[in-house]
Amino acid sequence: MVKFQSKLLSSLLFIIFVVFLFISLVFAQLNKKSYTQVYDERLKRESLLVSKAIEKEGGIDSVDSSVIKEYSKMLDLQITITDNKGSILFDEGDMGKSIDDVHIKKIETIIKNDANAMVGSDSDFHYYSTKFYNQNKQQGYLFLSIKQSDLKETYKQLNWMVHLSLGISLFIIFLVAFKLIYRYTRPFESATKVAADLANGNFHARTYEGQIDETSELSSSLNTVAKKMQDMVKAQEIQQDRLGTLIESIGSGLLLIDSRGYINLINKAYKDIFNVHSSDYLYKLYYKVLEHREITDLVEEIFMTEHKVVRECVLQIKDEKKIFQAYGVPIIGANDVWMGILIVFHDITEIKKLEQIRKDFVANVSHELKTPITSIKGFSETLLDGALENKETLVEFLKIILKESDRLQQLIQDLLELSKLEQHGFTLNQEHFNIIDVLDEVIKILCKKAQTKDLEITFHSEKENIWVIGDRSRLIQVFLNLISNAISYTPNGGKVEVSVLERKRDVIIKVQDTGIGIESSEIHRIFERFYRVDKARSRNSGGTGLGLAIVKHLVELHKGSIQVESQVGKGTTFSIKLKKEFPY
């Protein structure tokens, strides 16, 4: 804008300078012409005056040179008088010594032309000549001359004054023009700067609103536009932030592909699910970066059909298989413009697992209920068909029916217990007790069962008192289940060892047996409902398959953990870690 101001001011001053120069030249010529005319009129009048004086003295022949000299001095002129042939008779004045051949030739030319009166100039003089008559008879010529230098000096002074006046006027005009240009271009300069800032994205820029005129309307309008643009951009940024937050917060993976097949967006969930980085995917062709053929086929199908596609995909991600419900839709803009596709990946792996667990649970419950009920029904029908008459058979069948009823009752109680533990509002009855007493009590309860199998149960503890906070009755249930399982799965003559290790903040209880052991591939499943390592032996021992599931829930409710180590044919060790102070 400074450059624009300079150009505008320079152009304006140049035009004014040219106009003033033209005016000064014209004015100088007019002044020169006016002054020349004034001098000519003066010389004409003065020539009449000198002619009268000479005539009064009796003519050229009678006049005294002192008279001519007096008039020359009085009029400040060079007075030259010649006869009719051009011979100089009188030549009075301060410039007499400067008369040269040019002046003489000029006089001779005038006499030769025989003009009554003549005004002229040469390089040195400005003169007026006229014929002199006495008694109507020409006696000679009268020449009145003035040096050109005098006229030039007058012209010079006059021109200097004119130029000075024009210079002062030009300077004043420059100041006024500079002030006006600065005043009227300043709003435009500010508006231009604001417009540039707006173009560069700085919507906080504002222009100065000063004097009330047309420029203020421009500034006000520009500020209004800037304010509206700022509000629009702010609203857009808020909307963009909300959309970005929403996209990043969605638990499902999002994949956005434009109409040319380039990936434009992947959200955080997608990166976490597939273990990828944005730099590996963004602005690259989908078929070059997508690793799974199922996803590529899905994308191609949407591109070809331009319809939404819902598909269940099983994908291998690292060492784990995951199940996704992929929902792909085409993005159609205004006027049916194809813009791309959006694919949403819902991870339904856990849902599928839960569905499978539910199916397994129903199947297992049905199977576990069916066995005792079938037994009870079968023996009851046998008795009704005539076995009641045989007392020994009756007693045996009734004992079997009682056993199956107890088993059925135990199964139902375990199911109810497990359901109760899994309820959200279940709470433990916390109390301060000695864990050593609890283990002694459990071992005494199961001692008779161990003796029937000729098993040795040992208990080791470095201290007699180890105090913890928890639900005493529930922990008794945990240890009863673990030690009872150890006895059940340990062959006759084996050994079951219970030990307690106290640490600073927790207690570790280990139940170790020399039983049949567990395959390493099955260890992670032993806490599932109705899962049995040895199904035949477990059922014969009266187990329901829910004991370890209940144990795990109770330990986790105490904010503890349970671990299993086992070798087939050598035995199994269960390690339970409990906090000494119950964590709130």
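**Side chains that meet**

Asp231 and Lys227 sit in helix 5 (residues 214-249), 4 residues apart, which is about one turn of the helix. Helices here (H or I, at least four residues) and strands (E, at least two) are DSSP runs, numbered from the N terminus. Before I go on: this is a predicted model, in which local features need pLDDT of at least 70 and side-chain atom pairs count only at pLDDT 80 or more, while totals for chains, interfaces and linings use all residues. Residues are numbered from 1 along each chain as its sequence is written, and side-chain values use heavy atoms, with hydrogens and water left out.

The side chains of Asp231 and Lys227 form a salt bridge, at 3.0 Å from N to O. By salt bridge I mean a side-chain nitrogen of Lys or Arg within 4 Å of a carboxyl oxygen of Asp or Glu. Why can residues at that spacing face each other? An α-helix has 3.6 residues a turn, so residues three or four places apart point the same way.

The cut-offs are under 20% relative accessible area for buried, over 50% for exposed, and partly exposed in between, with a 1.4 Å probe and protein chains only.

Helix 9 (residues 293-305) holds another such pair, Asp297 and Arg293, 4 residues apart. Their salt bridge is 2.9 Å from N to O. Asp297 is partly exposed at 29%, whereas Arg293 is exposed at 53%.

Next, a bridge between distant parts of the chain. Glu502 forms a salt bridge with Lys463, and the closest N and O atoms are 2.8 Å apart. Glu502 is in strand 14, while Lys463 is in the loop between strand 12 (456-461) and strand 13 (467-470), 39 residues apart. Glu502 is partly exposed at 23%, and so is Lys463 at 45%. Salt bridges with shared partners also join Glu312, Lys352 and Glu355 into one network. The count of salt bridges comes to 12.

Now the aromatic rings. How many aromatic pairs are there? The count is 9. Rings of Phe, Tyr and Trp (its six-membered ring) pair if their centres lie within 6.5 Å; planes under 30 degrees apart are stacked, over 60 edge-to-face, and the rest tilted.

The rings of Phe274 and Phe324 are stacked, because their centres are 5.5 Å apart and their planes are at 20°. Phe274 lies in helix 6 (residues 268-274) and Phe324 in strand 9 (residues 320-332), so this pair ties together parts that are 50 residues apart in sequence. Phe274 and Phe324 are both buried.

Phe274 also pairs with Phe345: the centres are 5.6 Å apart and the planes at 75°, so that pair is edge-to-face. Phe345 lies in strand 10 (residues 338-347), so the pair with Phe274 of helix 6 ties together parts 71 residues apart in sequence. Phe274 has a relative accessible area of 10%, and Phe345 is buried at 1%. Ring pairs link Tyr270, Phe274, Tyr281, Phe324 and Phe345 into a cluster.

Last, helix 15 (residues 547-557). Its buried residues include Leu548, Ile550 and Leu554. Helix 15 is followed by Lys559, whose phi is positive, near 60°.
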